[in-house]
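Biologist: Please show me the model, and then let us examine the terms used to describe it.

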Amino acid sequence: MRVLFLSAFLPAFAAAQSPSAAIRVNQAGYLPGASKAAIVAAAQPAREFAVRRTADAKTVFRGRLGEPMEDADSGERVQVADFSALRTPGRYYVEIPGAGRSWDFEIGPRVYDRVLYLATRSYYGQRCGTAVDLGPEFPGYRYEACHRTGAWHESSGRTGPAPSQKGWHDAGDYGRYVVNSGITTGTLLWAYELYQPQLEKLQLNIPESGDKTPDILDEIRWNLEWMLTMQDTDGGVWHKQTGEKFPGFVLPHEDAMPSYIIGTGSGPYKSTCATADFAAVMAIAARVYPPFDGDFARRAREAAASAWEWAVRNPAVLFSNPKGVSTGAYGDRDCSDEMLWAASELWRTTRNRKYEQYFLEHWQKFRSAIAHDRPPAWPQVSPLALWGWTLSGGPGSEEIRRLIVAAADELASRTEKSGHRMSLLGKDYIWGSNSVAANYGMQLLVAHRLRPDARYLEAALGNLHYLLGRNPLSISYVTRVGANPVRRPHHRPSGADRNEEPWPGLLAGGPNARRQDPAMKKLPEGTPPAKMFLDEQESYATNEVAINWNAPLVFLLAGVMHGK
Ligand code: G3I
Ligand code: 9MR
Ligand code: ZN
């Protein structure tokens, strides 16, 4: 009788094992020509690993793990399992004797296509003012037209009924906020301008699909049209349109509160940051939409110019929530970076000397904003101003290019040496830290466009790997992506509908070193910052979703697929 050695059962045994969180991979997968690695936090340092084919557990690659290194952010000792030499498309997992196996992943040229589709289409699922239905692909993911009743809040300086049309719900709530709309639509329009081949034909299965405009531009226009309703005849832009408080966890059309246009509470009632962000975004729209809708592009151009003039006349009108309003504030104490962004984008679109003059007179104040550790964020948009100026070869931009490249060199270098090969520093585990990682990726890709360097592209990919599973929690932070995705986001449609799974393509906020919601009390004292995350609906400070978090994810996906 032939003795069947245990090894004959090992592959089947390995395949049947439940994946270990200690072996972290990008659960969407890896491009064939890119570097590929798992990050391993084994209890005991491991020496060898195998990559097995999921279909039959056949070993297709063997390798040795790198030396252990301390990762302070996760409180672990980690090793790298590099399998870059494996390029054959297919579905695989990593297996380490004594540590177990990873979640499955793909290798292939189109591994990010579906992630890009879901992450971009998620904006359709945030539409306000219309019925939304994700269709047969996601049966039951629908709601009726919502927030049709607009009103002027007394803080706006107006009274009576107000428009309430279109726009995207900001996040897990149903508010619409101009400041957050600014960086969101600006980032998405930049992605289109830089990565048109990846985005102009992207089918999103939205109501406008099939018209002559790229779906992503149709989708962005849904929010731009709402933003245009927020501009006053004097050019100023009101700050937000929300209920007076957050609604319960109801579907959009079950939120019966009036949607108030909310201002600063005293003359001139509009806010500088909202107005300047608006000017920047409309200037971008004015150069992107002409091939598809000249009238709309002209409206955007005029709106941008008049918003600029208002902001120059009112450079420091700040917003904070007026009495009786407790929704998101997006308050910012300094709007000079928004002004610089507006001047940069208006110059890029018009070449008008008054914008050039403003930019050249003011950009030096933001030299330090071009750094390895200061990616853009809704309160700090000066990187977009400086990057955009340089992308368009603005006067004096050679000096700015050098600063951008020096910062990217330092960023790439520290990223490739980090424990999980991504860019977050200890200080970056804040509310929305996953968007910080995505914005680091955007910074690297913009530098790669200005001065091509494969290290920038690889470092940007490292941030994408982190978001899609190669992280200390071994979780894909994008809903419905990967074998172990986040499943209970702080997102009212996901929490209020009858569907078991959340709405798709939404990037969760991510680990937050500060306990900024009651649910975070559950996290044990001493939890390392990179593990300060709860996949629980109640944890809005780690597990909400937001339009300005998905935008750099879309940019990052399109950029790594574009490759240049
Ligand atoms: O910038 C400081 C940093 O210097 C400091 O080291 C760090 C320490 O944690 O805090 C940083 O500020 C944080 C700020 O976000 C950074 O952008 C604050 O702690 C943090 O409270 C603040 O959180 C904001 C949150 O609203 C609460 O205000 C998020 O950025 C913002 O994305 C989020 O936005 C909400 C909207 O108001 C409502 N809609 C949902 C949306 C997402 O949660
Ligand atoms: O749902 C709200 C989320 O969008 C905000 O980001 C968060 C912080 O402002 O607040 C959430 O609303 C909670 C409120 O702050 C406290 N009561 C419970 C609400 C729902 O979790
Ligand atoms: Zn709505």
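The dialogue below sets computed values against their definitions.

Modeller: This is a predicted model, in which local features need pLDDT of at least 70, side-chain atom pairs count only at pLDDT 80 or more, and totals for chains, interfaces and linings use all residues. Residues are numbered from 1 along each chain as its sequence is written, chains are lettered from A and ligands numbered from 1 in the order in which they are written, and side-chain values use heavy atoms, with hydrogens and water left out.

Biologist: What makes Asp-173 and Trp-431 part of the surroundings of ligand 2?

Modeller: A residue is near a molecule if one of its heavy atoms lies within 4 Å of it. Asp-173 and Trp-431 therefore count, together with Phe-246, His-490, Arg-492, Tyr-540 and Glu-544.

Biologist: Why is the pair formed by His-490 and ligand 2 called a polar contact?

Modeller: A polar contact is a pair of N or O atoms within 3.5 Å; within protein, one must be able to donate a hydrogen and the other to accept it, and residues adjacent in sequence count only if both atoms are side-chain atoms. A polar side-chain atom of His-490 lies 2.6 Å from an oxygen atom of ligand 2, so the pair qualifies. For Arg-492, the distance to an oxygen atom of ligand 2 is 2.8 Å.

Biologist: Which residues make such contacts with ligand 1?

Modeller: Asp-170 has a polar side-chain atom 2.9 Å from a nitrogen atom of ligand 1.

Biologist: Which residues line the largest cavity?

Modeller: Among them are Leu-118, Arg-121, Phe-138, His-491 and Trp-503. The second largest cavity holds about 70 Å³ of space, and its lining of 13 residues includes Tyr-174 and Asp-255.

Definitions and conventions. 1 Å grid on protein atoms, 1.4 Å probe; cavity = no way out; pocket = protein on both sides within 12 Å on 5 of 7 lines; lining within 4 Å. Points joined across faces, edges and corners; volume = space filled by probe spheres on them.
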